[in-house]
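Here is a friendly walk through one model, feature by feature. Have the viewer ready and follow along.

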Amino acid sequence: MSDLDALSAAYQNLKSRNQNIDMTRGKPAAAQLDLAAAMFELVGNDDCKGADGTDYRNYGILAGIPEARALFAELMETTPDLVIAGGNGSLQMMYDVLQGAVVFGVPGGDGPWRDAKFLCPVPGYDRHFAICERLGIGMIPVEMNDDGPDMDAVEALVAEDASIKGIWCVPKYSNPTGAVYSDAVVDRLAAMTCAAPDFRIMWDNAYVVHHLTGEIAAVKNIQKAAEAVGNPDRILTFVSTSKISLAGAGVAAMAASKVNVEDALERMFYSSIGPDKINQLRHVRFFKNKAGIEAHMLKHAAIIGPKFAAVEKAMSKAFDGTGLATWTKPAGGYFVSVDLMDGCAAETVKLCADAGVKLTASGACFPYGNDPRDRNIRLAPTMPTVDELERAMEVFCTTAKMVCLRKAAG
Ligand code: PLP
């Protein structure tokens, strides 16, 4: 029997097992959410006042409670006055910033963004691209390297085209490749000459403390780097506790220059009287400080580290030395990015779904869902159990290999 025949037989056998495993999104597993269980007990009706006596049950405090701003300031390496602690999602804050830019413009610009474009390092985060698509912001893909975006391409593009208003960046354990931005990339982003005076870097530090191993990455503070070269308003930094505490009930924060914080608060005034301060207080009491967050993240790593190890083990067993696939070995974050032979991703995702393993749609990590080489697949190992994951990886590896060999056979 040829390798291809053997794989086809194995695939049919796996398909007949009628499995139903969902690896579409990077959701925390229930065991991770359980780590925050004590949080529910930390704020009671008779115990929800701020240090200055403010009753957090009531309206107000648009920028978030001072205790939460202080906690995020420590995490984001800035000062509390430059932090807005918001609702439960950083994505909403990012959407609001860009919608505000399209409707009203941003400080340093000359009014609402018209025919704006964004640079999108690829593969990247599908929801970033969805925001641009929704708001009519054009997207220009740039190559993502191991140390951040291809800066030669980025610098050339932003220098000559004033309609390029920004770039998406996930600086640490990037979604989906796990790349960590180098100091050189951070410095170049902070200092590059932009034709657009109101250029913005959407610095989505979603995985700032999401280490998987003992190998803890540090990324240079881009806000300080930008201030040092006279571009303080270029950077908007976002984090959230979605994958630290509860994905459905975390707290998000934005940090930026004074000008940008004031601009954001001015816009927010019209859409909110204040965030969920009780949840913010719950988070402050639970974590206390950055050290508390870091200690908590070690518990997450203990749960999801073995899942990433299972993915790595299955991938290397199936693909080492074959030349059919390359994949990332992230030290943090939520994903493994796989590149198969060109033209094999969509078919692999489809056949995996037929065999009961749902993966992120092929092309999702590219603007407009278009992976020009049809080769990239994002694996999201956190949600299934290790046992489910091993079974899912058996399906994935068998299917991907079969599709590649079929393609190679023409
Ligand atoms: N940013 C990145 C890079 C992500 O991967 C995710 C979730 O997968 C988010 C933001 C969503 O964050 P939030 O839950 O704070 O909206």
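This is a predicted model: local features need pLDDT of at least 70, side-chain atom pairs count only at pLDDT 80 or more; totals for chains, interfaces and linings use all residues.

A228 is exposed, because its relative accessible area is 66%; here buried means under 20% relative accessible area, exposed over 50%, and partly exposed in between, with a 1.4 Å probe and protein chains only. The residue lies in helix α8. Helices (H or I, at least four residues) and strands (E, at least two) are DSSP runs, numbered from the N terminus.

Residues are numbered from 1 along each chain as its sequence is written, and side-chain values use heavy atoms, with hydrogens and water left out.

## The chain as a whole

The protein chain has 13 helices and 13 strands. Its radius of gyration, taken over C-alpha atoms, is 22 Å, close to the 22 Å from the globule rule for 410 residues, so the chain is as compact as a globular protein of that length; the rule is 2.2 Å times the number of residues to the power 0.38. Along the principal axes, the C-alpha atoms fill a box of roughly 75 × 55 × 35 Å.

Of the 410 residues, 54% count as buried. Among contacts (heavy atoms within 4.5 Å) between residues at least 6 apart in sequence, 77% join residues at least 24 apart.

## Aromatic pairs

Rings of Phe, Tyr and Trp (its six-membered ring) pair if their centres lie within 6.5 Å; planes under 30 degrees apart count as stacked, over 60 as edge-to-face and the rest as tilted. By this rule there are seven aromatic pairs. One of them is stacked: the ring centres of Y207 and Y334 are 5.8 Å apart, with their planes at 25°. This pair links distant parts of the chain, 127 residues apart, with Y207 in the loop between β7 (200–204) and α8 (222–228) and Y334 in the loop between β10 (325–327) and β11 (336–340). Y207 is buried at a relative accessible area of 3%, and Y334 is buried at 2%.

F269 and Y270 make an edge-to-face pair, 5.2 Å centre to centre with 85° between the planes, and both residues are exposed. W113, F118 and W168 form one aromatic cluster.

## Backbone details

Most residues other than glycine have a negative phi, and most peptide bonds are trans. A cis peptide bond joins V122 and P123, with omega about -5°; P123 sits in the loop between β3 (117–122) and α5 (126–135). Another cis bond joins N175 and P176, with omega about 5°, and P176 is in the loop between β6 (164–169) and α7 (183–191).

E77, not a glycine, has a positive phi of about 55°. It is in the loop between α3 (66–76) and β2 (83–85) and is partly exposed at 39% relative accessibility. K288 has a positive phi near 70°, lies in the loop between α10 (277–287) and α11 (290–319), and is exposed at 61%.
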